[in-house]
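Subject: Structure handover

Hello,

Here is the structure I promised to pass on to you. Please open it beside this email, and my notes on what turned up in it follow below.

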Amino acid sequence: MAATVITDVEIEQVLEKTYHWSRSRDYRGHTKHDALNSPLLRTTLGWSKWTRILAIQGVMRFPVNLRPLLLVTKTVNPKGLALFAMGLIDRYRATGERRHLEEAEVLLGRLRTLRSSGDWSGICWGYPYPWQDLGFFAPSYTPNAVVTCFVGEAFLEAYRETGNASYLATVKSAAGFLLKDLTVLKDTDSELCLAYMPMPMSMRVMDVSILIGTLLAQYDALSGEQAHRQTARRLLNYVIRQQTDYGAWYYTDPAEASPIRHDNYHTGFILDALWRYMQVSDDWSWKENYQLGIEFYAGHLFNSDGSPRWMSDRDYPHDIHGAAQGIITFSRHREEYPAKAESIARWALDRMYHKAGRFYYQDGRYYKKRFTLMRWCNAWMARALARLLVTMKE
């Protein structure tokens, strides 16, 4: 049976319910890596690298949501709040209803209060939970590049609609943190690679440098400054040079040290950032790299029914974050990839949406994780569906 066509009316109804469900919970919730917000796990497993990894990975991979049983604290995630804000700004663009822009500005004000404390070179944000990775341990709210860039994107979007100079000033301040506090991992005349966090580390995460470079390029374009032009280009050039000859990126450099191969949403992050950079800088010298990347993304990271593959070489689980990222990326390519964004959205609404206004986490080969992680599920889908709505009404 052919899938039902998705309409702008249906999207608006889903967005209204999704925001209502999320707003009624004060945008607080659990998220993917927050196991150490459990006082039980923090006491019993929070004392070493490998026990912390065991706690985080065990809770993350378990087929049901253990967080309520483990008393994991629900938090407001700055990245999630930024995604909700960007979704509201797009809802305003699509509908002209000022209430959406006003709520977005309220969330931006709240984001300013959620900034990471410390003697940093600019305003910055991090995750509201302790986080152990293979290469580092970050206490709660340790600022990092990815969260700061996503929050910065939300302020840039608000500035585009309001002209409020304080929003642009916030991004300028964030640039100070990104350029002065993060560990420098590679620095040549043509390439610059910055670390995920402001601490000693060697892991070169691909999306970090390109997210920073694109944020800087957008700031320069909107402010009329040119202070970051060469820095932004070096940051992007580093990532572009890591692209494989078939159009993909590994999660980290070098490829042989990457804990994962070519995954769904990080590929989308890189493509989105590259597209924004080319648009604001009017520098299309990497258009062929982009085209090769989007072809790989479409052909290897999504199935014909719209479901998002977990990796290019692994189908399951189908993760709602991957679906949201695909909707965002293909929304701007509705001519080149007809109905691609709509088919992914259709799959998400048919398979991963609860009519109360929440999205499920993952659809596995044998079972579905029907719980909702506020940032990972609802925030990403709110952002994605609102972006699709804008393009459908253009």
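Predicted model: local features only at pLDDT ≥ 70, side-chain atom pairs only at ≥ 80, totals over all residues.

Residues are numbered from 1 along each chain as its sequence is written, and side-chain values use heavy atoms, with hydrogens and water left out.

Aromatic rings

Searching the whole structure gives 25 aromatic pairs. One of them joins Trp 275 and Trp 284, which is edge-to-face because the ring centres are 5.6 Å apart and the planes stand at 75 degrees. For accessibility, buried means under 20% relative accessible area, exposed means over 50%, and partly exposed is in between (1.4 Å probe, protein chains only). Trp 275 has 18% relative accessibility, so this residue counts as buried, whereas Trp 284, at 34%, counts as partly exposed.

Two rings also have a charge over them (NZ of Lys or CZ of Arg within 6 Å of the ring centre and within 35 degrees of the ring normal). Lys 79 lies over the face of Phe 150, 4.7 Å from the ring centre. Over the ring of Tyr 360 sits the charged end of Arg 370, at 5.4 Å from the centre.

Nonpolar cores

A nonpolar core here is a set of buried Ala, Val, Leu, Ile, Met, Phe, Trp, Tyr and Cys residues joined through side-chain atoms within 4.5 Å. How many residues does the largest one have? There are 133, and those with the most contacts inside it are Tyr 196, Ile 212, Ile 320, Phe 330, Phe 359 and Leu 385. Helix 14 (residues 374-393) supplies the largest share of this core, with 13 residues. Helices (H or I, at least four residues) and strands (E, at least two) are DSSP runs, numbered from the N terminus.

Another core, of nine residues, lies apart from that one, and includes Ala 35, Leu 36, Ala 55 and Leu 66.

Backbone points to check

The bond from Asp 253 to Pro 254 is cis, with omega near 5 degrees, and Pro 254 lies in the loop between strand 8 (252-253) and helix 10 (264-281). Tyr 316 and Pro 317 are likewise joined by a cis peptide bond, with omega about 0 degrees; Pro 317 belongs to the loop between helix 11 (287-300) and strand 9 (318-319).

Where does Tyr 141 sit? Its place is the loop between strand 4 (137-138) and helix 6 (145-162). Tyr 141 is not a glycine, yet its phi is positive, near 70 degrees. Asp 282, in the loop between helix 10 and helix 11, also has a positive phi, near 55 degrees. With a relative accessible area of 34%, Tyr 141 is partly exposed, while Asp 282, at 60%, counts as exposed.

Happy exploring!

Definitions and conventions
Phe/Tyr/Trp six-rings, centres within 6.5 Å; stacked < 30°, edge-to-face > 60°.
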